[in-house]
Amino acid sequence: MNEIANNKKPKLLIVSGETSGDFYAASLIDVLLKYNFDIYAIGGIQTKRRKIKMLCDSTNWAAIGIFEAIKQIPRLPLLFLIRKFLAVEKPDIIVLVDYPGFNMWLVHQAKKFGIPTVYYFPPSKFAVDPTKVKDAAESITAVAANFKITYDIYKRANANVEFVGHPLVDLAKPIYTPKETAIKYCLDPDRPVIAICPGSRKSELSEILPTMLEAGKIIHEKYPEYQFIVPVISTEGEEVFGVKKDDLKKQLKDSGLPIVLAEGRIYDIMNLAKILLISSGTATLEGAFVGTPMVICYKVSFLTEIQARLFYKLPEFIGLPNILLNKKAAPELVQQDCTPQNIAEKAFDLLEKPEVYKQQKDDFAELARQLGQPGVNDRVAQMVMKIINEKSPEK
């Protein structure tokens with residue numbers, strides 16, 4: 001199954017939209033490049049660094065809610081260009097990575113053209129009602145489930161699904177010691193560190209980061225020995241997540257905190273930190289896998305909150321560790337509850353109550369055991385190869 005059944009070099013399109021999806025897509029590309037694929041991609045910063053053919057850059061496509069999504073309307077002409085690519089180039093297979101709104105549109109387009117699809121991090125991955133994934137189960141050729149609950153719900157919906165596990169088991173490995181990381185980012189290795197992780201969307205930086213910095217001030221007033229670090233993805237340009245790095249650095253400096261902006265090495269930074277003040281999203285799962293206790297924060301615009309409350313049933317939990325463990329392992333502060341004082345109080349619980357701190361560590365260790373075995377991207381690549389070989393006219 002490791003070799004393509006004929007001499008043709010098949011075309012593969014891989015598509016991701018947000019920072020986490022881009023990261024996972026890039027790591028999958030590293031495995032797919034070992035096979036004889038002609039790879040095209042829609043992705044972000046990490047994907048662009050691979051030896052592939054970029055169709056378009058999705059770095060700043062991320063949006064939360066209908067009102068933030070409206071801002072993406074100027075990019076709609078890209079849909080016509082992508083559809084034309086499918087019609088003209090006729091890729092042999094499409095690999096979708098998360099980003100369900102756009103990628104499910106692409107799944108349906110692919111089905112019209114008879115192009116098979118493999119979906120990594122499929123839509124409604126935490127659904128409990130199989131009818132919620134009915135369309136995806138019927139439209140996607142093969143589903144690569146990263147969580148057992150995802151596998152179960154898609155299996156109940158009669159999808160062609162395999163449990164592959166979560167790529168964090170292969171990727172979320174700190175390289176440096178905490179002391180080495182502190183020195184790398186010009187922090188005092190003998191003083192404790194709190195990591196402020198506001199998210200990877202421009203809207204999150206504007207909505208959540210100021211609140212987290214104010215919480216940092218409250219914490220620092222009580223514990224002046226603490227230092228702070230804000231990790232962001234490493235980029236070659238002047239911006240990160242659509243925000244100028246110089247503006248971010250100025251914002252951090254103006255906070256008055258002993259704080260640095262750090263590009264790259266997110267897992268080393270999480271391993272360095274005593275606790276994380278973190279925006280709800282994939283980063284919470286990364287932090288949990290590394291094993292660092294956290295306070296989960298989440299804020300969106302007022303209009304988006306109203307839209308969510310009117311049209312959607314809000315989940316019991318928002319943080320991925322809590323969803324997967326089905327318990328509030330880490331505190332969650334959402335919308336009006338996400339205030340500097342509340343964040344600081346939850347941080348004090350972790351810093352001052354060893355039993356609370358240890359319980360999160362124990363819960364996260366249990367979560368890590370649920371994420372599967374190493375070799376996740378290899379298993380996804382085998383799913384792709386199986387479909388390619390089944391399509392081969394020589395089979």
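The structure holds 1 cavity of 30 Å³ or more. Here a cavity is a set of points, on a 1 Å grid over the protein atoms alone, where a 1.4 Å probe fits but cannot get out. The model is a predicted one, so local features need pLDDT of at least 70 and side-chain atom pairs count only at pLDDT 80 or more, while totals for chains, interfaces and linings use all residues. Residues are numbered from 1 along each chain as its sequence is written, and side-chain values use heavy atoms, with hydrogens and water left out.

The largest cavity comes out at about 90 Å³, a volume being the space filled by probe spheres set on the points, which are joined across faces, edges and corners. Its lining is made up of 10 residues, where a lining residue has an atom within 4 Å of a point. Thr19, Asp22, Gly44, Ile45 and Thr59 lie nearest the centre of the largest cavity. Sorted by class, the lining has 3 nonpolar, 5 polar and 2 charged residues. For this sorting, Ala, Val, Leu, Ile, Met, Phe, Trp, Tyr, Cys and Pro count as nonpolar, Asp, Glu, Lys and Arg as charged, and the others, Gly among them, as polar.

Gln46 sits in helix 2 (residues 45–48); helices (H or I, at least four residues) and strands (E, at least two) are DSSP runs, numbered from the N terminus. Gln46 counts as buried because its relative accessibility is 14%, and buried means under 20% relative accessible area (1.4 Å probe, protein chains only). Neighbours within four places in sequence aside, Gln46 is in contact (heavy atoms within 4.5 Å) with Asp22, Phe23, Ala26 and Ile233.

Strand 1 (residues 11–16) is largely enclosed by the rest of the structure, because 5 of its 6 residues are buried. Strand 1 pairs with strand 2 (residues 38–43) in the parallel sense over 5 bridges; two strands pair if DSSP finds at least two bridges between them. In this pair, Ile14 stands opposite Ala41 of strand 2.

Further along, an open sheet of 6 strands runs in the order 12-9-8-13-14-15, with parallel pairing. Strand 12 (259–263) and strand 15 (332–334) are the edge strands, each pairing on one side only. From one strand to the next, the twist averages 20°; axes are lines fitted to C-alpha atoms, and angles run from 0 to 180 degrees between N-to-C directions. Strand 13 (residues 275–279) and strand 14 (residues 294–298) share 4 bridges in the parallel sense, and Leu276 faces Met294 of strand 14.

Technical notes:
1 Å grid on protein atoms, 1.4 Å probe; cavity = no way out; pocket = protein on both sides within 12 Å on 5 of 7 lines; lining within 4 Å. Buried < 20%, exposed > 50% of the residue type's maximum accessible area, 1.4 Å probe, protein only.
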